[in-house]
Amino acid sequence: MATINGMYVLAESEDPRYEVDATDQPVEEGVDITDHVQRRANTLDVSGYIVGDDASQIRDKLKAIMGKGEIATFQGRNLFTGLIISLSTKHDYRVSNGFSFSLSLKEIQIAKSSYVETLPTPIKAAAAPVISSGRKQKKQKKGKENEKVEKVKFKAGTPWADE
């Protein structure tokens, strides 16, 4: 017997998968050069049976966990914590008081918030979210449009003098 968040299931097979991405670069002679390796998220595929009087409630709870994006913990031959990314059930004549199922769990990393709380006050204020207050109409200053331009008189003999 295995459990998913404390709910009992019969896990017939558990298939953990560990993968990496490797970047290859072609060369003129020989084998391509691999210059970068990055680990991908681990996954676990589980298939088995859910039986008993509460089988439909367990299915509904698993669907709710998957739909809400809650983290699920699987304990069987393998211990795995992650998101349920797929769940399928098969209801046929072979299982009278339940159904067979298969689900996939994917390892995740949860991003943590920045350290805005520990920043100095001036920087914290700059990091605060900007709130949009909509469009505002600019006001014209009074008296500017009524000002008259005075004509400046220059001394005779200067290049700017009126002749």
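User: Hey, what does the side chain of Asp-24 make a polar contact with?
Analyst: With the side chain of Thr-34, at 2.7 Å. Keep in mind that this is a predicted model.

User: OK, and where is Asp-24 found?
Analyst: Asp-24 is in strand 3, which covers residues 20–25.

User: Which residues is it in contact with, skipping neighbours within four places in sequence?
Analyst: Asp-24 is in contact with Asp-32, Ile-33 and Thr-34. There's also a C-alpha distance to look at: Asp-24 and Asp-35 sit 11 residues apart along the chain, and their C-alpha atoms are 6.4 Å from each other.

User: Switching topic. How many helices and strands does the protein have?
Analyst: There are 2 helices and 8 strands. Going along the sequence, you'd read them as β-β-β-β-β-α-β-β-β-α.

User: What about the core, which residues touch the most other members?
Analyst: In the largest nonpolar core, which has 19 residues, those are Ile-4, Ile-50, Leu-62, Phe-74, Phe-101 and Leu-105. Several elements each supply at least two residues of this core, including strand 1 (2–4), strand 5 (43–51), helix 1 (55–68) and strand 8 (98–106).

User: Leu-105 then. What is it in contact with, again leaving aside neighbours within four places?
Analyst: Quite a list: Asn-42, Thr-43, Leu-44, Ala-72, Phe-74, Phe-80, Gly-82, Leu-83 and Ile-84.

User: Thr-43 is on there. Is that one buried or exposed?
Analyst: Buried, because its relative accessible area is 9% and the cut-off for buried is under 20%. Thr-43 lies in strand 5. Leaving aside neighbours within four places in sequence, Thr-43 is in contact with Asp-15, Pro-16, Arg-17, Phe-80, Leu-105 and Lys-106.

User: And Ser-104, where is that found?
Analyst: Ser-104 is in strand 8. Ser-104 is buried too, with a relative accessible area of 15%. Beyond its neighbours within four places, Ser-104 is in contact with Leu-44, Asp-45, Leu-83, Ile-84, Ile-85 and Ser-86.

User: Zooming out, how much of the protein do buried residues make up?
Analyst: 19% of the 163 residues. The accessible surface comes to about 13,800 Å², and 51% of that belongs to carbon and sulfur atoms.

User: Last one: among contacts between residues at least 6 apart in sequence, what share join residues at least 24 apart?
Analyst: That share is 58%.

Methods:
Residues numbered from 1 in each chain as written. Predicted model: local features only at pLDDT ≥ 70, side-chain atom pairs only at ≥ 80, totals over all residues. Heavy atoms only, no water. Core = buried A, V, L, I, M, F, W, Y, C linked by side-chain atoms within 4.5 Å. Buried < 20%, exposed > 50% of the residue type's maximum accessible area, 1.4 Å probe, protein only. Helix = DSSP H or I, 4+ residues; strand = E, 2+ residues; numbered from the N terminus. Contact = heavy atoms within 4.5 Å. Polar contact = N/O pair within 3.5 Å; in protein donor to acceptor, adjacent residues only side chain to side chain. Areas by Shrake-Rupley, 256 points an atom, 1.4 Å probe, with all protein chains shown as cover.
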